[in-house]
Each structure stands twice: as C-alpha cells, then as structure tokens.
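Take the points in order, with the model open beside you.

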Protein chains: 2
Amino acid sequence: MRFGTVRANGHERVVLGVGEERALPLDGVTSLARVIEEWPAAEPAVKQALAGDLTRARHVDQFEWLPPIPRPGKVICVALNNSANTDRIMSGPKHPAMFLKPASALIGHGQSIRLRAEYGRVHPEPELAVVVGRGGEDIPRDAAMDHVFGYTIMNDLTSPTMRGEDTFHYRAIHPAADGSGDVSYVDTWVTYPMRYKGSDTFGPIGPWVATKDDIPDPHDLTIRCLHQGRVVTEDNTRNLLHSVADVIAFVSRYTALETGDIIAMGTALKASAKGGSAVQNVDLTTLGGPVDVTISGIGTLSSPVEMR
Amino acid sequence: MRFGTVRANGHERVVLGVGEERALPLDGVTSLARVIEEWPAAEPAVKQALAGDLTRARHVDQFEWLPPIPRPGKVICVALNNSANTDRIMSGPKHPAMFLKPASALIGHGQSIRLRAEYGRVHPEPELAVVVGRGGEDIPRDAAMDHVFGYTIMNDLTSPTMRGEDTFHYRAIHPAADGSGDVSYVDTWVTYPMRYKGSDTFGPIGPWVATKDDIPDPHDLTIRCLHQGRVVTEDNTRNLLHSVADVIAFVSRYTALETGDIIAMGTALKASAKGGSAVQNVDLTTLGGPVDVTISGIGTLSSPVEMR
C-alpha cells in the first residue's frame, strides 16, 4: 500500500497509490500523520477504498504533491552511511552520526528546488527514508522494525560550498587535563549544517510512502539517481553500513521518536564513488535540473530546479 | 508584557506575567503561537486581562511550565557568536553559522535535564533567544526587527564528548579542479550535531517571552548562568558578534522564517572565557544541577538535572 499527500482546492488530502501511476484521493482524509497514528485500526477503511470505486483515481502527474508528511516533528539524516565511504574515512564514529533538516525545507514531488548563485555547488543525494509509525525511546534493536510505518524517498540536497564556509577551525575550551578546574584549549574542527543541509527546498521527499508490508527487505532496494535523464547513481540499500533497525535503536537512546518522524538513511553512492559520474559532479546550481530519484518498490521523486 | 505556557489539567494554557513573580492564566488561550499570529490584534484583550482581576495570578513556582512555544517550526542556533571566541578561531566564516535543535528537545522551566553517563560531558550554554513574530524570507536588515515578537532564554546544552565522537576526518569527493568531469578528494573535517546539540532535554527554554517593547535594546542585556548557586558566566549581549537584525537578515536568505520560530543567538561566555569558571567546566553529567540562566528584563530559567 502506498500513501501520499497532495494539495487539492487549497487543502491537504491523503491519496492512495493505485497501480504504478495513479492516485486515489481519500475522502475527508487530510493528514497522513493521523492515518499513521490510527494504524492499524485505520487499515480496513483504506483497504475498502482500494476495493471500491477506482474511477476517481487519476494519473500522478495530475496532482500537486506535498511532502507525504508535510510537517514531521523531526527529520533526522544519517551521515556517510554507505560502504563506499569507508575507504575515505580517516577517523570517525562506528555508530550512526546524524544531523537534522528543518521540516520547512521539505518539498513534494514535482515542486522546484530553488537555488541562488551564492549557494555555490549544490548536489543531490538519493536516499531511502524511514517513516516512523509508533514512537518510542530506548527502542531495543529487535523491536525496532515494529516502529516503522513505511518507507519513502528523500533527496538530501547538499551544498559542499556552504559546508566549507560554515566550518570552523578553532581552539575549543575543555577542562584542564590536570583536573585543576582550569581550562585548556584543544584544536578542533566543527561544521554547522543549517545552511548547507537545511536551506529551503533542500529536502525533496516523496511522493509515496510504501507501507512496510510492501517492502519485505529495506536492505535490498535499488536506488537510482538521474540528472537530466542521465544515470548519476545506481546503488542498493544493502550497502548501508548501519541498518534501519540499528539506526532506530541507536537514535532512540538520544531522542524519542514520534509518529511521522523521518529518518533519511544516508546517501546511496556506491556505483558513483569512482569516476566521473559522482553525484558530487552534479552541480544543480550551474547545471539546473531535473533530478529524479527512484527506489524499487517505492516510486520516483522528481524535482525541477529554478534559480531564485 | 511577558507570556509563558503552562500545563494545567493536562492542557496547554498561556499565562501572562504579573509583576516579577506571578503568572495569570488566560482563559481559553491555549497557544502562544496563535496569540503571536494574531498580534497586534490580540494585544487589547491581553491588556484588558492585565487591567482586570489579578487575584487569580499565582506564584510562578505553582505552575508546570512548558516551552513558551511548545513546538516551534524550527529552532535555529547561532554558533560561536561572541567576541570572546574571536581569538580562538583560526579560520571560520564572517557570517553567522548555524545548526538546528529539534523541537522535541525543548523542555520548560523547572523540567529536568535528563542525562546518561554515556553522553559524556554536558555543559550549559546560556543564550538570548529571539521569538519570531511575522515570518518572511529575504528580510532586509532594516526591516528585520519588525519580524521579532519578543525574546526568551535558552540553555543550549552541549556535549563536547559527543561532538568529538561525531566528527569525521575524511576525504570528501569534489569535482576535479581541472574541469575534466572526474572527481578529486579533499581532506575535510565534518561534525554532525544531532546528538551533541539535539538530544532530548538539551533545550531548556523560557519561562517567559518578553515582548520586544519590554526590551528596548536586545544588545544591552546581562546574562548570568549559575550552577548550584555559583556564578559560572556573567556576560552582556553587547558582546554578540552578529546582531539580531544581522542574523534575521542573513538566515532568511536561506530559510523562510515562520511565526514562532526560535533563533538562539549564541553562547554568552565573555566573563567565563578565562580561568576556572568556564561553563565548559560545568559537567552536568558528573556534577548534577540545578543550572539557572537569568537575562535582565526576561527572567530566570531553572533546570534540575537527573540521570536516566
């Protein structure tokens, strides 16, 4: 089963996927987050809709798509979570490292990525994203998948130019090592991601949330990223270093997950890590769009690009 | 005028400050964000409440405080924005650098900071925070203050231990400098702040939002931070490198501001930068609380500490 959210007559409306290319608006259902909260009690009504009159289903291109969850409580993104990264990492954690995107940076399928020349290079990062069903904290690894509602697609747009600009090399204040209660200064690098990961439109997401029963193994999905019709990434989620269950168990030790939270699992880049087809060469600021991300069993997320 | 949000009978309720130490619940007013949206049309009713029966006002300690805006759309934090930092920065941007805290990390006045031994060192960072009134993008500097509703207090809890753990030293993929379309590898440091800045309870905030007419100059406020009754920071917002107007103008080039968004202006640490009284020596994980932050004209934010 696949869900999306569209705008119809100025209001949010939940739609159901019918076959590959059609979407059926659900009468009176305005919030996918609410559907998820009420799951599985809401499931029979959804199945009934799918078994009923499908003549009102229309082609996906006829809708104005919003992010499937328009305002998730938080959007957590896992960094460098692909086996193609390991030989480039000189030091770093063995656990998932994470940053946030603001919910206000999310845009739906077909909505434009809006860039400025001053953003510098901006490249796509195609990712599988988890949609949290039941929330929780301190979720054990073996119960983690019970907290997944389904999966969607995120394009984790990134500006390496702004990343470089927002990096400090400084002497951080630490307690003195001698325990004197005085301070010492430690040579430190810190990068602040608000701009380079969180600028408006840097989070294309959707169009579909595929329920987990549609996705028997989230670690065996192909991910493709096309730029202007040319394949720039082809990867498989088996190359994720930290699994969905690992990430849920880890992150929920630090932040309680809530229904509708999004966890983007990290950039697929295995096949593009070498040679000229790297996503890092796809500078949307100078090259424009569109950029498409397809994940098997979920769908295709398409984004035009416009300059502001 | 000062506003807060409390929990009463399981529901959110907006309160008004009466004198220094009392709060008056506003009948039927459940959302400060809504009050701000409706400002200045909502102002006369508020003034009427203050001119009316104040016998229902109770001492602040008799309330259960929530974050003044319990779920802001985003919480933007400015990094290293204090003149005490400048001699420690070897390289870094001249503009404001920013990160996000998840709204779910916010806690109200009197609510406990909850820590685990595995979080390592966690120290307080006392900060002035702006509450956005009218939203907007590309806000000109000279109109920026029109978008401020008021000011509150944030304690930007930070774990330097997790910061170190979540730092990667790696070879980032960049386009080849020769324009061949191939890639090159660039020695890069990246820090991911979700855990070290965004873990649950890492954002004590409130209790009060002072409206901007109460704060004639946001760059002439004293900030004090007390740990277990001992002063660990005494500073003044005149030491901010980037002013409120600068930050609003800058950030709104990248992300549209919305009513109720919070912008924490950066850690006050001028007086504590040297010697043994640095906030960095206040490890709440080993020392416990409480920690209090006071800003002149706004109030005092108090947080006990408990171990999970």
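1. Which of the residues of chain B comes closest to the rotation axis? That residue is Thr191(B), whose C-alpha lies at 2.5 Å from the axis. Please keep in mind throughout that this is a predicted model.

2. Now for the axis itself. Chain B is superposed on chain A by a rotation of 180°, with 0.0 Å of shift along the axis and an RMSD of 0.0 Å. The two copies are therefore related as by a two-fold rotation axis.

3. How do the chains meet? Chain B brings 72 residues to the contact, and chain A brings 72 residues. In chain B, Arg88(B), Met194(B) and Tyr254(B) lose the most area to chain A, and together they make up 12% of what that side buries. Of the interface residues of chain B, 100% are also interface residues in chain A, so the copies meet through the same surface.

4. A word on area. The size of an interface is often given as the accessible area lost when the parts come together. Here, about 6,800 Å² is buried between chain B and chain A, and carbon and sulfur atoms give 53% of that area.

5. Side chains of opposite charge can pair when their charged atoms come close. One to look up joins Glu258(A) to Arg71(B), with the closest N and O atoms 2.6 Å apart. Polar contacts across the interface of chain B and chain A link 43 residue pairs, counting those with both residues at pLDDT 80 or more.

6. Which elements of chain B supply the side that touches chain A? At least two residues each come from β7 (89-91), β8 (98-101), α3 (160-165), β13 (167-175), β14 (183-191) and α4 (194-198) of chain B. With 9 residues, β13(B) gives the most to that side. Sorted by class, the side of chain B that touches chain A has 34 nonpolar, 16 polar and 22 charged residues.

7. Strand pairing also crosses between the chains. Strand β7 (residues 89-91) of chain A runs antiparallel to β13(B), and 2 bridges join them. To find the place, look for Ile89(A), which stands opposite Tyr170(B) in β13(B).

8. Another salt bridge deserves a visit: the side chains of Arg308(A) and Glu137(B) meet with an N to O distance of 3.5 Å. This pair crosses between chains, with Arg308(A) in the segment after β22 (305-307) of chain A. Its partner Glu137(B) sits in the loop between β11 (126-132) and β12 (148-155) of chain B.

9. Strand β2 (residues 11-18) and strand β3 (residues 22-25) of chain B run antiparallel and are joined by 4 bridges. Gly17(B) has Ala23(B) as its bridge partner in β3(B). The two strands, β2(B) and β3(B), form a hairpin with 3 residues between them, and Gly19(B) in the turn has a positive phi of about 65°.

10. Strand β17 (residues 222-227) and strand β18 (residues 230-236) of chain A pair in the antiparallel sense over 6 bridges. Cys225(A) has Thr233(A) as its bridge partner in β18(A). Between β17(A) and β18(A) lie 2 residues, and Gln228(A) in the turn has a positive phi of about 50°.

11. Finally, some backbone details. Most residues other than glycine have a negative phi, and most peptide bonds are trans. Thr201(A), which is not a glycine, has a positive phi of about 75°; its place is in the loop between α4 (194-198) and β15 (203-204) of chain A. A cis peptide bond joins Trp39(A) to Pro40(A), with omega about 5°, and Pro40(A) is in the loop between α1 (32-37) and α2 (43-51) of chain A. In chain B, the peptide bond from Gly206(B) to Pro207(B) is cis, with omega near -5°. Pro207(B) is in the loop between β15 (203-204) and β16 (209-211) of chain B.

Notes
Residues numbered from 1 in each chain as written. Chains lettered and ligands numbered in written order. Predicted model: local features only at pLDDT ≥ 70, side-chain atom pairs only at ≥ 80, totals over all residues. Heavy atoms only, no water. Least-squares fit on C-alpha atoms with pLDDT ≥ 70 in both. Contact = heavy atoms within 4.5 Å. Buried area = accessible area lost by both parts, 1.4 Å probe. Salt bridge = Lys/Arg side-chain N within 4 Å of Asp/Glu carboxyl O. Polar contact = N/O pair within 3.5 Å; in protein donor to acceptor, adjacent residues only side chain to side chain. Nonpolar A, V, L, I, M, F, W, Y, C, P; charged D, E, K, R; others polar. Pairing = 2+ DSSP bridges.
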